[in-house]
Number of protein chains: 4
Amino acid sequence: MKQAEPIAAVEPQYGLASREQAQLLSGLEFIQAMVEGKFPLPPICKTLQFRLVEIEKGRALFTGVPVFDFYNPLGTVHGGYAATLLDSCMGCAVHTTLPAGVGYTTLEFKVNFVRPLTQETGLVRAEGKVISSGKRVATAEGKLFDERGTLYSHATTTCLVFPI
Amino acid sequence: MKQAEPIAAVEPQYGLASREQAQLLSGLEFIQAMVEGKFPLPPICKTLQFRLVEIEKGRALFTGVPVFDFYNPLGTVHGGYAATLLDSCMGCAVHTTLPAGVGYTTLEFKVNFVRPLTQETGLVRAEGKVISSGKRVATAEGKLFDERGTLYSHATTTCLVFPI
Amino acid sequence: MKQAEPIAAVEPQYGLASREQAQLLSGLEFIQAMVEGKFPLPPICKTLQFRLVEIEKGRALFTGVPVFDFYNPLGTVHGGYAATLLDSCMGCAVHTTLPAGVGYTTLEFKVNFVRPLTQETGLVRAEGKVISSGKRVATAEGKLFDERGTLYSHATTTCLVFPI
Amino acid sequence: MKQAEPIAAVEPQYGLASREQAQLLSGLEFIQAMVEGKFPLPPICKTLQFRLVEIEKGRALFTGVPVFDFYNPLGTVHGGYAATLLDSCMGCAVHTTLPAGVGYTTLEFKVNFVRPLTQETGLVRAEGKVISSGKRVATAEGKLFDERGTLYSHATTTCLVFPI
């Protein structure tokens, strides 16, 4: 299991790798390059303050800390925050299974909310795992826990896989 | 149909209404008060730059403009952005059907992605409509369009309804 | 709108059209041939006693009468019955949009149960409508009503579309 | 783990336990009584030829053999068959967690189809496991495998839990 280096004193770069760079690498290589800082991190990671911390074939783990800036009118963290982390970890898990020259897109995901996130929850971990991986379609599941292992939400996704 | 006043030159306030304030109002009254600026807007609306623009019983319409800050590593807007707007408009549509003293929470939603959003898409409209509304459970659907009426994503949700 | 002839005194034939027969026809032509009795009806229609009654481009309507044979241990019709009718009408609606030489398979569906079916419900109508139809993927929605128009369950589906 | 007695030479009885009988038992006791033949099996188990074979707290396993009678027009087993077995095993898994006097109903499920079932597939096993179990809501997941352990479909569900 490849564990990401802790992000050090230097501020990470946010942006996008070029499509040409991405096409030469397998999904796992591409994501590892991002984790290692060779490619910039995607902008959404800055906006919603989460990051990829572990990656291996068929599995991806993101962490984040939900804050007041993500609150909905009901006084808890908006469900879109958990949905974003779960979509990320599931899509990323699928991506790790793809060879160079093969891309994917998320067709759909369903997310279940088991208990609300608040700014008191602290760091959360969103873990995605591939369930099935075919030539045209892949599916994955994701679970979002706090540091004590309490489950907050879970999801499944369907991804389309295609040559790029 | 109650259409929101255009948000004027003044910067909207972001924050939360107190639980006591919320409990005295029906769902529709609570949301209208938010639209009219009597209650602060939820923080997520600032972070992801979207807002509620139309509200009536059983229906809510949000708009937003996806920008580069919301991009995923694949070079398009992260699916979590559409999921957040769709969750908002569906939950809000359910909320409009609830009398004072009754609350709700989202149990789950499923979102389908039909085509990718980019920073070229411009303003998008996420419209939520209640499908069924019962004493304990409500369901709703949401669709996200651009200004030409092209569909980008659609969703359904299940909400738990309960006395507060 | 093409409305099916009422199935007459003769018992319908159940079985399968040959793959060769199916490939020469568009989806709509194939289904119309089935409705007109030129092709046998699929065996599941006999087992669960439902049938296709209306078909047009992008829409399909099935009817059935839930009976005691479909009951679950809780004393109502098993959710799998509504799921089967909804899957049928949604898949069929997608099929009507496909030209000859193009097939589809259902990747996933989600079904919401609004109220239980019983043997007192009488005839139910499951109507499927295409939401989006692309070269590789199509989505559709389905709703199941009784004869008074009361909604019992609703669903959405994602189908993969491919050359055959 | 409680494993069901193999159903012997005697034909099982199909029907329904009375509501009064059911209310006196916990979910696990009620289902065990059904497995042991003290209560009749639900009619759907006869119609779609599947049965409950293993039950323990938080988990249920059904088996069935898909046959030609369950075929759709595309020449494979209708998706409603897998949906029915998955709904059964997930709902049953939730039921095992409920004390006497507490019932449940399925609010929604989503099923993913990974590969088609045919009459050549042979015996399939649908295993349901509870993911989260609360006072008002429970969620569960289900997977359907053949005897070699190949995955055919998977699902998640949301159930409402309530006093009866």
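Colleague: How many residue pairs are in polar contact between chain D and chain A?

Modeller: Eight residue pairs, both members at pLDDT 80 or more. A polar contact is a pair of N or O atoms within 3.5 Å; within protein, one must be able to donate a hydrogen and the other to accept it, and residues adjacent in sequence count only if both atoms are side-chain atoms. In chain D, the side touching chain A draws at least two residues from each of strands S4 (102–113), S5 (124–133), S6 (137–146) and S7 (151–163), where strands (E, at least two residues) and helices (H or I, at least four) are DSSP runs numbered from the N terminus. The largest share, five residues, comes from S7(D).

Colleague: Before we go on, what should I know about the model and its numbering?

Modeller: This is a predicted model, in which local features need pLDDT of at least 70 and side-chain atom pairs count only at pLDDT 80 or more, while totals for chains, interfaces and linings use all residues. Residues are numbered from 1 along each chain as its sequence is written, chains are lettered from A and ligands numbered from 1 in the order written, and side-chain values use heavy atoms, with hydrogens and water left out.

Colleague: Which residues of chain D and chain A form a salt bridge?

Modeller: Look for a side-chain nitrogen of Lys or Arg within 4 Å of a carboxyl oxygen of Asp or Glu. Chain D and chain A have two salt bridges between them. One of them joins Glu108(D) to Lys110(A), with the closest N and O atoms 2.8 Å apart.

Colleague: What is the area buried between chain D and chain A?

Modeller: Buried area is the accessible area (1.4 Å probe) that two parts lose on being put together, summed over both. Here the figure is about 1,000 Å², and carbon and sulfur atoms give 53% of that. In terms of contact (heavy atoms within 4.5 Å), 14 residues of chain D meet 14 residues of chain A. The copies meet through the same surface, because 100% of the interface residues of chain D are also interface residues in chain A.

Colleague: And chain A with chain B: how many residues does the contact take from each?

Modeller: There, 35 residues come from chain A and 35 from chain B. The buried area is about 2,900 Å², with carbon and sulfur atoms giving 67%. There are zero salt bridges between these two chains, but twelve residue pairs are in polar contact, both at pLDDT 80 or more. On the side of chain A that touches chain B, helices H2 (27–35), H3 (43–47) and H4 (79–95) and strand S4 (102–113) of chain A each give two or more residues. S4(A) gives the most, with nine residues. Sorted by class, this side has 18 nonpolar, twelve polar and five charged residues; Ala, Val, Leu, Ile, Met, Phe, Trp, Tyr, Cys and Pro count as nonpolar, Asp, Glu, Lys and Arg as charged, and the others, Gly among them, as polar.

Colleague: How does S4(A) pair with strand S4 of chain B?

Modeller: Two strands pair if DSSP finds at least two bridges between them. S4(A) and S4(B), residues 102–113 of chain B, pair in the antiparallel sense over five bridges. Follow Phe109(A) across and you reach its bridge partner, Val111(B).

Colleague: Inside chain A, which strands form a hairpin?

Modeller: S5(A) and S6(A) do, with three residues between them. Nine bridges join this antiparallel pair, and Val124(A) has Asp146(A) as its partner in S6(A). S5(A) also pairs antiparallel with strand S3 (residues 59–64) of chain A, over six bridges; Thr63(A) stands opposite Arg125(A) there.
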